[in-house]
Amino acid sequence: MTSFLFLMSWFFVLRSTDRPHFIDHNLLPNSKLFSFNNDGTKSQMQNQNVESSFGNRAILVDSEDVEKENGKKKNPKKFDVGNCMKNDKDVVKVFMYDLPSEFHFGLLNWKASGNSVWPDIRTAIPGYPGGLNLQHSIEFWLTLDILASEFPNSSKARTVIRVRNSSEADVIFVPFFSSLSFNRYSKTNPHEKKTRNMILQEKLVKYLTSQEEWKRSGGKDHLILAHHPNSMLDARMKLWPATFILSDFGRYPPSIANVEKDVIAPYKHLISSYVNDVSTFDSRPTLLYFQGAIYRKDGGLARQELYYLSKNEKDVHFSFGSIHNDGIKKATEGMRSSKFCLNIAGDTPSSNRLFDAIASHCVPVIISDDIELPFEDVLDYSEFCVFVRTIDAIKENFLINFIRSIGKDEWTQMWNKLKEVEHFFEYHFPAKEGDAVQMIWQAVARKVPAMKLKLNRSKRYSRSPPITEKGLKSIPLPRNFW
């Protein structure tokens, strides 16, 4: 009898390990969404305990040594983001609220005509303000992309399509231009107690929480843009179950925004792209470049330390600068003539300076311990950036000696990689294959399975009576417990 029970127990164990039969394969992430090695095999996470700031350099040096040992120089293959996008199953289905125009294009002084709250972008696109406003204009580009997806002749290189039935959507898109609202309307006018930006946030919370789509999911499948660090300051604490598209997490508690739930999007660089760049290591005379605000608070205190440590180095440019007085023109010339460009934490962990450096093919040196980078689940930034811990960077002579130790071959390898990846950080309308707009939608697509999981788990006890008692209730022990 004992043997029979033993055999039967193994029979049930083996059956339990069989393939599940009730799976919606549409909810599974497509294999094309994951990064691949140059040989086409899936990349696997490796446990690396890197204690030195030189860790990312070791990867470059080791790969070069391996190539030399094999007796030939390999040409690295370009990252083919097209593999992530060409399958129709990868297109994100988006339901977009028809919010009143005061939340989006009305902020650009566009006036609605007729019953539509949207401009006819086939005839004219409302202009977006320039200057520093542009760096947080992600909301503008994504909304245009959704609107364009409805046209019969929309771009073939699309990764999003608008659906009119919210039950068919992967995500619910909230078209509030929150960064523009902060930049333009965060100051009170005389005799006003609240800014227009605050009033719009209050209206948005009231609108969203009254919608059936929000009530159905508790906001878990909603997508809200708050790219400017100070945007949505009031509403974020009430709309946090949604997925945010942000520039970093510097001004968010981890319970409100985190890398598991939310998406990091690149700034729109202010410096123009360096087209037909034929510069070399020797033709860029400046070793290290920084121009910007030097005296910052919070994590940006390292800037002034580095300024005093490097101001006397002849081939280092470290000075105050802004967009005023031809600041962008001067920064363009400076970055294009420099080998390395410093990206140091300021009031927040990230800044547009990183993406200006990428557009200038100036190898970024990132000194920001808490920075989160766009698309880092598919991009290896150590191939085209140098990372230095703040505690190391502020040691006397450490940073300058570290940068000087990077030779021509290693720099050229990173410079070539910058030219390969720069299109991932470019914003276009219509969207282009592998540009920032498409990369953001693909990052959203990779969040969809987690959204579905949270939604499905929340429905477990939907048929059960609601919980009325608070606290834990003691459960009597079974009679034969002991």
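What follows is a walk through this predicted model, from the whole chain down to single residues. Residues are numbered from 1 along each chain as its sequence is written, and side-chain values use heavy atoms, with hydrogens and water left out. Local features need pLDDT of at least 70 and side-chain atom pairs count only at pLDDT 80 or more, while totals for chains, interfaces and linings use all residues.

Let us start with the chain as a whole. It has 13 helices and eleven strands; helices (H or I, at least four residues) and strands (E, at least two) are DSSP runs, numbered from the N terminus. Of the 482 residues in the chain, 48% are buried, where buried means under 20% relative accessible area, exposed over 50%, and partly exposed in between (1.4 Å probe, protein chains only). The accessible surface of the chain is about 27,000 Å², and 53% of it belongs to carbon and sulfur atoms; these areas come from the Shrake-Rupley method with a 1.4 Å probe, and for residues, only the protein chains shown count as cover. Among contacts (heavy atoms within 4.5 Å) with a separation of 6 or more, 69% are between residues 24 or more positions apart.

Now step inside. A nonpolar core is a set of buried Ala, Val, Leu, Ile, Met, Phe, Trp, Tyr and Cys residues joined through side-chain atoms within 4.5 Å. The largest such core has 111 residues, and Ile-245, Phe-340, Val-365 and Trp-441 touch the most other members. Helix H13 (residues 436-458) gives the most to this core, with ten residues. There is also a second, separate core of seven residues, including Tyr-289, Ala-331, Met-335 and Ala-357.

Leaving aside neighbours within four places in sequence, its contacts include Val-92, Val-94, Leu-142, Asp-145 and Phe-173. Leu-142 counts as buried because its relative accessible area is 0%. With the neighbours within four places again set aside, Leu-142 is in contact with Phe-173, Leu-225, Ile-245, Val-437, Ile-440 and Trp-441. Leu-142 and Pro-175 are 33 residues apart in sequence, and their C-alpha atoms are 8.9 Å apart in space.

Next come the rings. A pair of aromatic rings is described by the distance of the centres and the angle of the planes. Rings of Phe, Tyr and Trp (its six-membered ring) pair if their centres lie within 6.5 Å; planes under 30 degrees apart count as stacked, over 60 as edge-to-face and the rest as tilted. The structure holds 23 aromatic pairs. In one of them, the centres of Phe-95 and Tyr-97 are 5.8 Å apart and the planes are at 85 degrees, so the pair is edge-to-face. Phe-105 and Phe-177 are edge-to-face too, at 5.3 Å centre to centre and 70 degrees between the planes. This pair links distant parts of the chain, 72 residues apart: Phe-105 is in the loop between strand S1 (92-96) and H3, and Phe-177 in the loop between strand S3 (171-174) and helix H4 (178-185). Phe-105 is buried at 0% relative accessibility, and Phe-177 is buried with a relative accessible area of 0%. Ring pairs join both into a cluster with Trp-110, Trp-118, Tyr-128, Phe-140, Trp-141 and Tyr-427.

What about charged side chains? A charge sits over a ring if NZ of Lys or CZ of Arg is within 6 Å of the ring centre and within 35 degrees of the ring normal. Arg-196 lies over the face of Tyr-185, 4.3 Å from the ring centre, and the charged end of Lys-339 sits over the ring of Phe-281, 4.9 Å from its centre. Arg-162, in strand S2 (residues 160-162), counts as buried because its relative accessibility is 8%. A polar atom of the Arg-162 side chain lies 3.2 Å from the backbone oxygen of Met-96.

Finally, look at the backbone. A cis peptide bond joins Phe-429 and Pro-430, with omega about -5 degrees, and Pro-430 lies in the loop between helix H12 (408-421) and H13. Met-232 is not a glycine, yet has a positive phi of about 60 degrees, and Met-232 is buried at 0% relative accessibility. Asn-276 also has a positive phi, near 55 degrees, but Asn-276 is exposed at 67% relative accessibility.

Note on methods
Polar contact = N/O pair within 3.5 Å; in protein donor to acceptor, adjacent residues only side chain to side chain.
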